[in-house]
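Q: I would like to learn how to read a few features of a protein model. Could we take them one at a time?

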Amino acid sequence: MRKILMSLGALSAAGMLTVGLTTSAQAAMGTLYMTQAGQTTTYTNPKQGLCVSSDPAKGDVTFTNRTNGVAWTYYEPGCDHVYQVDYLRVGQTLTLRAGWSIRMLQ
């Protein structure tokens, strides 16, 4: 498991370099969307470290990243690094099981 997480970390670092982080490290520019149970919540220019958790009782959740920043995905609410799985790239949309969360890196 440790090797997998280290590999994912290396891949995400490479991906971030490829994307080209050209804005302030304090906030991503653009909008992050979370849709669950027919309701969409928007986060405009989300700050670095923002954790967005879905409700485990409300069904699947869709995260859409329309920012210039990358976000980590976690398979539990609360963005605990123990549950870190992958990342949500710039322009990407992911539909996940209820209870997942994401944390903005930029």
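This is a predicted model: local features need pLDDT of at least 70, side-chain atom pairs count only at pLDDT 80 or more; totals for chains, interfaces and linings use all residues.

Q: In what order do the strands of the open sheet stand?
A: Strands of a sheet pair through backbone hydrogen bonds, either parallel or antiparallel. Strands here are DSSP runs of E, at least two residues, numbered from the N terminus, and two of them pair if DSSP finds at least two bridges between them. In this model four strands form an open sheet in the order β3-β8-β5-β6, with antiparallel pairing. The edges are β3 and β6; each has a single partner strand, so one side of each lacks a neighbour in the sheet. On average, neighbouring strands are turned by 25° against each other, direction ignored; the axes are lines fitted to C-alpha atoms, and angles run from 0 to 180 degrees between N-to-C directions.

Q: How many bridges join β5 to β6?
A: The antiparallel strands β5 and β6 are joined by four bridges. Tyr 74 stands opposite Gln 84 in β6.

Q: Which cysteines form a disulfide?
A: A disulfide is a pair of cysteine sulfur atoms within 2.5 Å. By this rule there is one disulfide. Cys 51 and Cys 79 form it, with their sulfur atoms 2.1 Å apart. The angle about the S-S bond is 95°, and the link of Cys 51 and Cys 79 is right-handed. Cys 51 lies in strand β3 (residues 51–53) and Cys 79 in the loop between β5 (71–74) and β6 (84–88), so the bond ties together parts 28 residues apart in sequence.

Q: Is Cys 79 buried or exposed?
A: Buried means under 20% relative accessible area, exposed over 50%, and partly exposed in between (1.4 Å probe, protein chains only). Cys 79 is buried at 5%, whereas Cys 51 is partly exposed at 30%.

Q: How many aromatic pairs are there?
A: A pair of aromatic rings is described by the distance of the centres and the angle of the planes. Rings of Phe, Tyr and Trp (its six-membered ring) pair if their centres lie within 6.5 Å; planes under 30 degrees apart count as stacked, over 60 as edge-to-face and the rest as tilted. The count comes to three aromatic pairs. One of them is Trp 72 with Tyr 87, edge-to-face at 6.3 Å centre to centre and 80° between the planes. It links Trp 72 in strand β5 to Tyr 87 in strand β6, 15 residues apart, and both residues are buried. The ring centres of Tyr 75 and Tyr 83 are 5.1 Å apart with planes at 80°, so this pair is also edge-to-face. Tyr 75, Tyr 83 and Trp 100 form one aromatic cluster.

Q: Which residues does Thr 73 touch?
A: Contact means heavy atoms within 4.5 Å. Not counting residues up to four places away in sequence, Thr 73 touches several residues, including Val 85, Leu 94, Trp 100 and Ile 102. Thr 73 is in strand β5 and is buried at 2% relative accessibility.

Technical notes
Residues are numbered from 1 along each chain as its sequence is written. Side-chain values use heavy atoms; hydrogens and water are left out.
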